[in-house]
Amino acid sequence: QTARVWRGGRFVRPEPPVVVSDEGTQQTDEGNVTTKELSDSTTQPPLKSCPPKPLCPEIGKLVRAKATCVIGMLERKLGEEGMRKVLRKLVSLQAKTAGAESLQEKASVAAKATRAAREKAKASSEQAAKLLEAGADEAQITASNEKATQCARELLKREREEARCSQKLSESPARWLRSHGVLTLCRQNATMTKNEMAAFHARWIEGSGCPKLTVGFTFRKSRRQELLFAIELTGCPASAAGDRAAFRKNAKIAVTVRVQEADLPPSDHAVSLSAHDRAYCLMPLQLVTKPKDRRTIARQQQAALDRQQRAIEEGGLNPRSLDAAAAAEVLQWECPVQWVRVDPECEWLAEVVVPIEQIGLEGMLTAQLVKERPADVAAQLSAVAYLKKRAQAGSTSATRALLQCAEDDSVFCRVRVDAAVALSESARDGTQRSNLAHTGVTRAYRKRRCDAKTGLPNPSDLSNLAESVVDEGFVIALGKPREPVGVGNRGQHGTGWRTPVECVDLLVDALDHFKSDGDPMCGASVVSATLASLGQTKPPTPVSLVSATHAIKRWLLRDAAVCGVGGRAHSGGRRVTVAGIHALKNLVVGFVASQETTTITTAAVPEPTTGRLGEVSCALAGKENNATTQKDKNAFQTLLSVAKEAAADAGHDPCRAVRRAGVALAFAIEWRFGGAEGPARALAVAVLACKAEPSFGARADILWDTRDGFRKRGEGDVSLSSAAAASRKWATAAVSSPDGRALAFWTTASLRAATRRNGAETATAATALLHALRGAGGWHDPADAAASAGRVAAVDAILAGAAAMTQGLDQKGNGANPLDDGAEDEAERNERRKRKEERRRVKTEKEERRKIRDARRSKRATDAVAAANEKYEIDHDHELDRGEPSAFDPSAMEPSEMLGGSEMLEGGSEMVLSEGTRVDTRDGDGGD
């Protein structure tokens, strides 16, 4: 499709319009060409491609993610070997494209020349270094250096030539691929029918929206062990339209359900789906396990209870509650199913919703997390996501299961990280279970990273990649717990939150006492994760806020000294500086929000009392509140001064990422502390920094960040959208003073100029920012808005069952609507029915002709046998009529011999007489 919303690749540049004049010439935009010249030309110029207008960052990320998922689903359908065959075929097709052979030959020759030049330059540089170390003559050293310099220049020349050839090859039609051709190749190399591939294309490529699979299952104990499984296919209107289009192509669509029974290999069941015909699809799944009698169940229960009591006595189990694994074992007594997985091979790009309230599912998911062998990472991640929801709902056993998974060394490192983060995110309601969750995370972190005697972090050891990933995960998890802001004397809960002091102190200690002496690996990743986690916190006390600010400041200075100019002298780059700047920005924004929403509720206001005691208590409470407020102001002034200094230093940093982060920090500071015209000043600062950037890509990144920050400043107003609320604040700042009016006018004029002559990337970002300044929502590009409206209309028409007319997806009207109305499907179905009937008629006629042919052959064989017998009888009768003597006497024969002998009777053989056959009745001795 040519819709820019659903495409991130390249498209063919349209040919110039041709107008035929009266003089017999055709006028184009490139000049006048006669008709004779056009008729004589036999070769057409090759098609060229040009990059489209770039997508929004969030849409581009979604498009890339969906493309990756669709290719993954297609690869799982084809298999590894099938996908390799398809890739080989695509490469061969590309080589056969017109004009591609010469371009590929030039590119390969340039690549070979580059490799040869690289090897030559490496050899010459090594030779020069050896001569310098050996202390050779100055003339030899000079000659070797000149040779190395010449080889380096030749290498640079060859690299540029290779890049030029590769660019020409990428812009040529040799790189073009059609989805229909790719899917046809995939269908030919897989066990997929044409209808299945058509349904796949209609649902996952042309269709949009994420379907939702809501499942529910229960065990029915009977002679036939069954698992009653119910599934419902729902989703947004676009998803429903895509499902209906896919079901028109192929009505036999099913989802795989994998059932794991006790002591048995997993079994897969295909559960069919229906598109909006029924609310639920109910299907009983037959189990292999035989039902157990009551005596066996009683023995198993007693054995499990004995093991539980033995573990309690030995001190290996908490006696206060039942472990999640024991709960799963108890469930297994009644139900032989250990766990159930929906779509285990990820053949659906869908959200699987499992009911959180159902009893027994927590034990199943815990068993799936612990006992899945060989370990399936996708299954473990889904189990972690479910247990997180259960923990947020108040389940203590789910909290313990997540903590056990995070501390288990045999689990994959990424699963342990997700378990730790899920455990921290569930500690946000201020209950005893929440306290258990965040204390479990802090204890696990102290056990892994801190010294038992001093309590300070140990020196880093990043030699083991899995352990370093887990360390980063625990550091990230330390910034997730939240505590609701205190309760007042009247029982009114505050709307804000803060981070526990223990978590903030651990993060500050991790930054202050980080040591990498003797570690061969770079610790920039761990430090960046710690800074990012510290930026997501809200320190509850002024002391913790000041300590966090000083820790970030020290790492900014250290990174600038270690990495050098632009980060080229260090393998870690400037990501530590970028993470520190973003941490300062988050602390500033978070502290301001917490002060605006929770300052009144942080301190408990005493009840009004009478008498001298009441006056004294009120005075003391007022002094305490004033002291606390002054400490908070001093701490925030320290944070603000460090943030302004970091933003000023980042403005002239050679690194592009640092300058981008500095602009975001300056925008946040100016918006909140720039006075009455603060919002107008913030936009002007961002646009001025955009103008100072040398590349269009860097300008676009700054403008996109400014658009996102502008929208976030409007959040919190329920009556208006975020863009409208932020636009109202900006307009108020613009009319507040002459300076604000001048800044707003200069900002809008600069953005309008950027939409016309600053490249496609910058123009798109500037258009989006202007759209946000107007307070409008939706698409900022008219073509995108028209395409989206057409798609919504097509979806509504499909869901309503009406015939939707084909609409263009762009302003030029050269795109077809990817969602059809079903008329084409009906025509294809009728045509397929006609072809099937024609094949059935041809098959029937062929069968009738075969039967007639077999009957004729049988009749000819029968007639031949009859003719042979008749001829023999005629010849025998003729011999008897001539009266020839014969020694044969029938009266001397036994009855059995008269019938052909005992051998013929016992063997049951048959004699077939054909024409020219003579029956010899003489015995073996030659006698009569």
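**Helix 2 and onwards**

Tutor: Let's start with helix 2, where the buried residues are Ile59, Gly60, Val70, Gly72, Met73, Leu74 and Leu78. Buried means under 20% relative accessible area, exposed means over 50%, and partly exposed is in between, with a 1.4 Å probe and protein chains only. Helices are DSSP runs of H or I with at least four residues, strands are runs of E with at least two, and both are numbered from the N terminus.

Student: Before we go on, what kind of model is this, and how is the numbering done?

Tutor: This is a predicted model, where local features need pLDDT of at least 70 and side-chain atom pairs count only at pLDDT 80 or more, while totals for chains, interfaces and linings use all residues. Residues are numbered from 1 along each chain as its sequence is written, and side-chain values use heavy atoms, leaving out hydrogens and water.

Student: OK, back to helix 2. How many residues does it have, and what span does it reach from first C-alpha to last?

Tutor: Helix 2 covers residues 57–78, so 22 residues, and it reaches 32 Å, close to the 32 Å expected at 1.5 Å a residue. The expected span is 1.5 Å times one less than the number of residues.

Student: And what follows helix 2?

Tutor: Gly79, with a positive phi near 90°.

Student: Zooming out, how many helices and strands are in the chain?

Tutor: The chain has 31 helices and 14 strands. Of its 928 residues, 37% are buried.

Student: What share of the contacts comes from residues 24 or more positions apart?

Tutor: Among contacts with a separation of 6 or more, 66% are between residues 24 or more positions apart. Contact here means heavy atoms within 4.5 Å.

Student: Which residues other than glycine have a positive phi?

Tutor: One of them is Asp343, with phi near 55°. Asp343 sits in the loop between strand 11 (337–342) and strand 12 (351–353). Cys346 also has a positive phi, near 55°, and its place is in the loop between strand 11 and strand 12.

Student: Is Asp343 buried or exposed? And what's the relative accessible area of Cys346?

Tutor: Asp343 counts as buried because its relative accessibility is 9%. Cys346 comes out at 34%, so that one is partly exposed.

Student: Switching to aromatics: how many pairs are there?

Tutor: Six aromatic pairs. One of them is Phe667 with Trp671, a tilted pair at 5.7 Å centre to centre and 40° between the planes. Rings of Phe, Tyr and Trp (its six-membered ring) pair if their centres lie within 6.5 Å; planes under 30 degrees apart count as stacked, over 60 as edge-to-face and the rest as tilted.

Student: Where do Phe667 and Trp671 lie?

Tutor: Both are in helix 22 (residues 656–673), four residues apart, about one turn of the helix. Phe667 is buried at 4% relative accessible area, and Trp671 is buried at 10%. Trp671 also pairs edge-to-face with Phe710, at 5.8 Å centre to centre and 85° between the planes.

Student: Which helix is Phe710 in?

Tutor: Helix 24 (residues 696–712), so this pair links distant parts of the chain, with Trp671 and Phe710 39 residues apart. Phe710 is buried too, as is Trp671. Ring pairs join Phe667, Trp671 and Phe710 into a cluster.

Student: Last one: which charged end sits over the ring of Trp497?

Tutor: That of Arg482, 4.0 Å from the ring centre. Arg203 likewise lies over the face of Trp204, at 4.7 Å from the ring centre. The cut-off is NZ of Lys or CZ of Arg within 6 Å of the ring centre and within 35 degrees of the ring normal.
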